[in-house]
Amino acid sequence: MIVKKIELLLISKKLKHPFKTSFGTTYNRKILLVKMFTDGEVGWGECVAGEGPWYSYETYETAMLVIRKYLSKLILGKNFDNLGELSLVMDRVRGHNMAKTALEEAFLDAYTKQLNVPLYKHLGGVRNKIKSGVSVGIQKDIPSLINLISSYLDEGYKRIKIKIEPGWDVNVLKSIREEFGDIPLQVDANAAYTLKDINTLKQIDNFNLLMIEQPLHYNDLYEHSLLRRELKTPICLDESIKDIYCAEAAIALKSVDIINIKPGRVGGIVSAKAIHDLAEKNGIGVWIGGMLETGIGRSFLVALASLPNVKYPNDVSASSRYWDEDIVEPEFVLNKDGTIDVPSGPGIGVNVLEDKIEKLTLKKIEIS
Ligand code: OSB
Ligand code: MG
């Protein structure tokens, strides 16, 4: 399949609820979408880089620059027989994983539409419903958090993840356990602690959590291996696993019990699948993380969540958890049993609503 033209669409979209983590608060998302024209089908991808370099060094602006100046030059006008070939060519650019992922996604959507197969089947998915959890940001006070969790449980979410940071941790977990008993619960620190916080971390360890996600530094593997020996709660890594090399090192160092896989963070669908397979070989379960995606990025998360070694509920919630209106049809909805259906149509399996996108578009760049 030949890559003929790439369109970058920068849209702005308001989140239903502001999302606060230990690294900042997001109210409005600027989202870079990629529309790729090939000699066959057209495909869509989503770049999860944020507005500022807080979760990772990438931003939507660095992604636009790197795609325009470097990545597009490596792939435009070229023929790729499969996604692996496209991915390999883009390896020449170091880093910029979120930019690469958006291009991989757009190619893969077009490619699987051309083959007339659903994305999840093409990737080796084994289930047509995935377990959906919800990631709840830091709130202004505990009663607000309890109310929000309560409404998510009413909607049918079966697993709750809360964001924590020093000062919003032990007290909060105590209230949640008092209010909701032994619901499946986990925490995500987004690298807000150090080994000096060992006393707090040991208290967090007493709440029978499914896992504690990225407690220590975003680049660290070694200190997580030390911490892991001190806690009974499984350690899940997010930020620290940037590619297959980090995943190998984390496993060898015994730094990790569970891996959160986000395609944008690890450089694409090929890399996500490789990490999934490596973890499986080593008896480490994975789940699919989210970055507050629209329905376009979400469709890739849902497909990845259908892979066999996805052993935990995913941060892949229904469209309505993020947006008043999604930009795909049908939207992703939560079933009563806390699952989300995996689309069974060709490619991403949902229709991209271009008229809605047009209304949200701040900037459009054509590269050919
Ligand atoms: O650490 O998992 C994270 C959102 C933005 C940046 C980092 C993270 C998150 C989430 C959101 O937790 C998960 C979702 O998309 O529902
Ligand atoms: Mg995380």
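**View 1. Lys202 and the residues it touches.** Apart from neighbours within four places in sequence, Lys202 is in contact with Glu230 and Leu231, contact meaning heavy atoms within 4.5 Å. This is a predicted model, where local features need pLDDT of at least 70, side-chain atom pairs count only at pLDDT 80 or more, and totals for chains, interfaces and linings use all residues. Lys202 sits in helix α7 (residues 198-204). Helices (H or I, at least four residues) and strands (E, at least two) are DSSP runs, numbered from the N terminus. Glu230 is 28 residues away from Lys202 along the chain, yet their C-alpha atoms are separated by 7.8 Å. Lys202 counts as partly exposed because its relative accessibility is 36%; buried is under 20% relative accessible area, exposed over 50%, and partly exposed in between (1.4 Å probe, protein chains only).

**View 2. Where helices α1 and α3 cross.** Two packed helices are described by the angle between their axes and the distance between the axes. Here, the axes of α1 (residues 60-75) and α3 (residues 97-115) come within 10 Å and cross at roughly 55°. Axes are lines fitted to C-alpha atoms, for helices over the stretch in contact, and angles run from 0 to 180 degrees between N-to-C directions. So α1 and α3 are oblique to each other: angles under 35 degrees count as roughly parallel, over 145 as roughly antiparallel, 65 to 115 as roughly perpendicular, and the rest as oblique. On the α1 side, the contact is made by Ala63, Ile67, Leu71 and Ile75, and on the α3 side by Ala99, Lys100 and Leu103. Sorted by type, the residues of this α1 with α3 contact come out as six nonpolar, no polar and one charged. Ala, Val, Leu, Ile, Met, Phe, Trp, Tyr, Cys and Pro count as nonpolar, Asp, Glu, Lys and Arg as charged, and the others, Gly among them, as polar.

**View 3. Strand β2 beside β3.** Six bridges join β2 (residues 24-38) to β3, and the two run antiparallel. Met36 stands opposite Gly43 in β3. For finding your way around, residues are numbered from 1 along each chain as its sequence is written, chains are lettered from A and ligands numbered from 1 in the order in which they are written, and side-chain values use heavy atoms, with hydrogens and water left out.

Technical notes:
Pairing = 2+ DSSP bridges.
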